[in-house]
Amino acid sequence: MTALASEHVTMPVFHRLPDAHRDEQIARIAEAARQIRIQDLKLVHYAGAGHIGGDLSAIDILATLYGAVLNIAPETVDDPERDRFILSKGHIAGALYVTLAAFGFLPVEDLATFLKPLSKLNGHPNRNYVRGVEANTGPLGHGLPIAVGHAISAKLDVSRRRTYVLVGDGELQEGSNWEAMMAASHYELDRLTVIVDRNRLQQGATVRETNDLEPLDHKATAFGLAVVEVNGHDHRELLDVLSAVPFRPGKPTFVIAHTHKGHPISFMSNNTAWHHKVPSAEQLELALDELTAADPPGGAA
Amino acid sequence: MTDTRVLQGGTTPLEPTATSRDPRQHSIAERPRHDCRNAYVETLAELAHENHRIVGVVNDSVGSSKLDAFKRAFPDRLINVGIAEQDMVGVAAGLANGGRIAFVSAASCFLTARALEQIKADVAYSNRNVKLCGMSPGMAYGELGPTHHSIEDIAWLRAIDNMTIVVPADPIETAAAMRWAAEVEGPVFIRVSRMSVPELYPKDYTFAPGKAVTLRDGEDVTLISNGTVLWRALVAAEQLEDAGISARVISMPTVKPLDTEAVLLAARETRGIVTAEEATGAGALGGAVAETVAQNHPIKIKILGVPEFAPTGSAGFLLDRYGMSPEGIAEAARALII
């Protein structure tokens with residue numbers, strides 16, 4: 001297999017369009033998500049490693065956040081008043097790096113170092129080396145408590161800055177999340193939004209067969225969060241919900257984003273085998289063909 | 001005088017109050033004793049008045065950390081997440097992300113054991129400005145037993161990169177270490193004991209991270225200690241002097257990074273080193289000293305610590321049992337150089 005090299009990282013760079021018409025924003029998010037998927041598939045194929053299934057399930061959420069929700073841009077990435085996005089499911093670092101590159105936080109050419117010896121682009125993100133990363137995640141169940149801490153700091157500052165955290169659904173089996181949700185509710189952190197990438201699959205099996213989360217909506221409601229369910233591949237639904245802060249005054253928001261692992265690639269979608277499988281050259285070509293043919297690719301699941 | 005702080009930093013020589021009078025007339029053992037938690041809460045309140053970025057984070061440990069007055073003074077700035085240590089440390093890292101300086105205050109046994117992965121990933125690896133204050137460490141909870149003892153904390157945290165570990169020996173050093181920790185950006189672990197200890201440092205003592213303090217000079221043998229055992233080592237040195245043995249006493253408040261220069265000076269200038277601490281010894285101060293000596297200038301070492309799940313008893317009783325009474329430390333030193 002050809003090793004990852006500079007010719008494999010040729011994606012366009014997008015810019016936030018905070019003031020654009022919503023339809024234009026959504027079209028841009030859809031195109032960004034499509035390009036991020038194309039680049040991420042190449043990255044995983046040529047690097048020979050990665051978590052492509054979870055990457056693909058979360059890319060629409062990432063593209064929506066960076067494309068039109070978060071008030072951050074490459075030049076304001078250190079602004080204390082920036083919105084925070086914490087990627088709790090740190091194993092989709094590849095998707096995060098490509099997203100950061102797509103929106104100008106990371107030089108596109110740096111993607112060619114993904115997972116290479118001494119690269120700053122580790123299999124899990126490191127904020128000390130990658131601008132735009134807020135926490136060094138990887139072990140599961142860490143992002144939500146960190147997000148709660150940041151949301152408390154914003155409240156102490158009487159700041160309008162918002163906190164977003166993306167967790168996997170399997171990850172919610174970690175008890176620390178529920179500790180954090182109790183605290184989020186107790187402190188009435190209504191500028192905190194928890195996004196669950198509800199793809200219903202974990203490493204080797206479905207969440208249901210492993211340790212079922214249902215009824216997830218009732219559980220989160222019982223913990224004092226305002227629950228809303230969206231199609232996690234529908235940019236319009238995502239943009240509407242993620243922009244609505246606070247969603248319910250006095251309550252943290254718990255967005256159950258229904259997704260498919262491997263979306264929208266036909267042979268990967270909703271298939272447990274693609275948790276961290278690496279596409280062959282032929283599979284990469286098929287996947288890229290599907291993404292090129294799709295119009296628009298980020299549409300309904 | 002082999003005070004490495006004087007040699008390396010030009011710091012004012014530390015004149016321990018012990019040497020200002022005849023130690024046999026007024027032994028350190030007879031001095032009034034203090035609970036370091038009082039110095040901890042007073043200093044935390046002072047720091048909070050001086051700097052609005054300072055917040056406390058607790059796991060229901062308001063009373064056990066003596067933070068009731070702090071809570072009254074700064075009701076919004078004491079974040080109590082309830083009995084949830086993993087959340088507590090993650091929240092502290094998130095507060096640091098928001099520009100706050102979080103002083104996490106929790107029983108050391110629960111803070112370090114329950115939240116070890118958060119300490120590693122969210123604080124140390126993420127390089128967040130979090131101060132982990134391990135309350136009532138070692139065997140301070142005495143009869144409550146090994147579930148509540150925290151003899152392993154030093155060894156666990158010493159294995160983590162980007163972590164400074166401080167074990168103050170008296171209220172003055174506790175306050176000084178906290179003042180330093182509030183100033184420096186990055187992760188720090190400070191042990192704060194509830195066991196009563198005499199004052200060992202002058203009131204104007206300033207904490208120098210990574211620096212040993214030679215509290216008593218000596219040529220025959222060296223005692224290296226910190227925390228609640230340091231005063232015992234000083235009394236042991238008094239007893240050794242009575243027996244005609246000249247013992248150097250090195251206070252090693254910073255276990256990581258270790259002042260290897262002070263250790264190697266002792267290895268070259270004296271005939272043996274005894275380490276004594278209210279911790280496992282293995283992997284802790286004793287381990288750190290042994291690693292340094294064995295790799296650079298091997299001499300005889302005796303590591304005193306708590307090697308097992310301790311039986312029922314008070315902390316004082318148990319320290320004596322594990323050879324860390326003044327007499328026990330003196331005997332270990334004597335045996336080493338005979």
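Chain B has 13 helices and 14 strands. Its radius of gyration is 19 Å, close to the 20 Å that the globule rule gives for 338 residues, so chain B is as compact as a globular protein of that length. Keep in mind that this is a predicted model.

Some overall figures. Along the principal axes, the C-alpha atoms of chain B fill a box of roughly 55 × 45 × 40 Å. Of the 338 residues in chain B, 59% are buried. If we take contacts in chain B between residues at least 6 apart in sequence, 78% of them join residues at least 24 apart.

Now the core. The largest nonpolar core has 206 residues, and those touching the most other members are A:Val148, B:Ala92, B:Val104, B:Leu223 and B:Ile329. Domain 1 of chain B, 4-30 + 210-337, and domain 2, 34-198, both give residues to this core, so it lies between them. In soluble globular proteins, nonpolar side chains tend to be buried together.

Take B:Leu223 from that list. Leaving aside neighbours within four places in sequence, its contacts include B:Ala233, B:Ala236, B:Val249, B:Val274 and B:Ile329. B:Arg248 is also in contact with B:Leu223.

Last, B:His148. Where is B:His148 found? It is in the loop between strand S5 (130-135) and helix H7 (153-158) of chain B. B:His148 has 16 other C-beta atoms within 10 Å, so it counts as partly exposed. Beyond its neighbours within four places in sequence, B:His148 is in contact with B:Cys109 and B:Tyr141. B:His52 is 96 residues from B:His148 in sequence, and their C-alpha atoms are 33 Å apart in space.

Definitions and conventions: Residues numbered from 1 in each chain as written. Chains lettered and ligands numbered in written order. Predicted model: local features only at pLDDT ≥ 70, side-chain atom pairs only at ≥ 80, totals over all residues. Helix = DSSP H or I, 4+ residues; strand = E, 2+ residues; numbered from the N terminus. Rg over C-alpha atoms; globule rule 2.2 N^0.38 Å. Buried ≥ 20, exposed ≤ 12 C-beta atoms within 10 Å, placed from the backbone. Contact = placed C-beta atoms within 7 Å. Core = buried A, V, L, I, M, F, W, Y, C linked by C-beta atoms within 7 Å. Domains from an automatic or database assignment.
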